[in-house]
Amino acid sequence: ALLMACLFQALREKSARIRYEIASLSLFAVFLMALSTFIILYDSVEQHSLEAILTGEFTLLINISGEGGFLQETIQQSLDYFNQYLPLIVSVWLLGAAFFSLRLLGGLAYVQHLKYNNNELLPAFWQKQMDRLSAKLRLKKRVDLLESNLVSVPMVIGFFKPAILIPIGAINALNEKEVEAILAHELAHILRNDYFLNILFSIIEVLFYYHPAVWWISANLRLERENCCDDIA
């Protein structure tokens, strides 16, 4: 996250696509570093207790920090705390991960409900307009344009068979150019495969739900994703 913050500052005049790619790589890096740590330490866990491994890791930090001093005392206190409450810490993480996993699955189920309920195809004129925009973007997927009374903002649903949902009545309140701008933005999400990537990013967020750095990375990722689609539109 710190490295990403420095890159964002250095590249603040660059395109949103570059910042989005940096944020995406940062979030994946968090997952890959945790996974690699798990793999490296897995064999050690079979031979030694996790408490012994933690003690070794913290001892290394104490040696690096030098003799005495506030840092060494803080590291030792942290070691004692983790050794004492490790089962509780793991249990709390499992409960949190289970809760956010259920929330993610519930959200995906509700999205599918939106796709197949309380909606109808918009007039052929707007489907033709969207097909024209799709051709400009060289988008090969067939996209359905639906009007729904269950959504309050335009959204894309689905990866293999995507659909764009428009709030009921929204078309009548906008002029043709405004509708085209909205459609172009939503088609850009489909072109970039954002629906699928968002699921992957959400899984990483579930695993690291407790970490403020991941929250910050994810917030910037979502912001730059929208900026990317605006640029394409």
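Reply: Asp-194 is buried, with a relative accessible area of 4%, where buried means under 20% relative accessible area, exposed over 50% and partly exposed in between, computed with a 1.4 Å probe on protein chains only. The model is a predicted one, in which local features need pLDDT of at least 70 and side-chain atom pairs count only at pLDDT 80 or more, while totals for chains, interfaces and linings use all residues. Residues are numbered from 1 along each chain as its sequence is written, and side-chain values use heavy atoms, with hydrogens and water left out.

Asp-194 belongs to helix α7, which spans residues 194-207; helices here are DSSP runs of H or I with at least four residues, and strands are runs of E with at least two, both numbered from the N terminus. The side chain of Asp-194 makes a polar contact of 2.8 Å with the side chain of His-189, and another, of 3.1 Å, links the side chains of Asp-194 and Arg-192. A polar contact is a pair of N or O atoms within 3.5 Å; within protein, one atom must be able to donate a hydrogen and the other to accept it, and residues adjacent in sequence count only if both atoms are side-chain atoms.

Once the neighbours within four places in sequence are set aside, Asp-194 is in contact with Tyr-20, His-189, Arg-225 and Cys-229, contact meaning heavy atoms within 4.5 Å.
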